[in-house]
Amino acid sequence: MAVIQIQDVEKVYRGKVHALRGVSLDVMDGEIFGLLGPNGAGKSTLVKILMTVIHASKISGTLLEKPIG
């Protein structure tokens with residue numbers, strides 16, 4: 001079972017600043033994973049989208065088998 005399953009996540013801020021472009025991720029039940037990348041790569045933005053703190057410009061997928069968005 002996929003705990004997190006997202007495809008083609010995009011976040012565009014005003015002024016057409018792209019924070020995320022085409023991010024896809026699958027995390028299966030029982031897996032341990034790390035979200036790594038340099039400053040400005042969009043790690044915090046992705047986590048905030050998954051927690052529904054901010055809304056993605058485009059997203060499809062599920063979190064704990066419930067639709068995201």
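Ile-4 has Val-27 in β2 as its bridge partner. β1 and β2 pair in the antiparallel sense over eight bridges; strands pair if DSSP finds at least two bridges between them. This is a predicted model: local features need pLDDT of at least 70, side-chain atom pairs count only at pLDDT 80 or more, and totals for chains, interfaces and linings use all residues. Residues are numbered from 1 along each chain as its sequence is written, and side-chain values use heavy atoms, without hydrogens and water.

**Sheet and helix**
- Four strands form an open sheet in the order β2-β1-β3-β4, with antiparallel pairing.
- β2 and β4 (66-67) are the edge strands, and each pairs on one side only.
- α1 packs on the sheet and touches β1, β2 and β3 (58-63).
- The direction of α1 makes about 115° with that of β1; axes are lines fitted to C-alpha atoms, for helices over the stretch in contact, and angles run from 0 to 180 degrees between N-to-C directions.
- Helices (H or I, at least four residues) and strands (E, at least two) are DSSP runs, numbered from the N terminus.

**Core**
- The largest nonpolar core has 11 residues, including Ile-4, Val-27 and Leu-50.
- Such a core is a set of buried Ala, Val, Leu, Ile, Met, Phe, Trp, Tyr and Cys residues joined through side-chain atoms within 4.5 Å.
- β1 gives the largest share of this core, four residues.

**Thr-45**
- Thr-45 lies in helix α1 (residues 43-50).
- Thr-45 is buried, at 13% relative accessible area; buried means under 20%, exposed over 50%, partly exposed in between (1.4 Å probe, protein chains only).

Terms used
Contact = heavy atoms within 4.5 Å.
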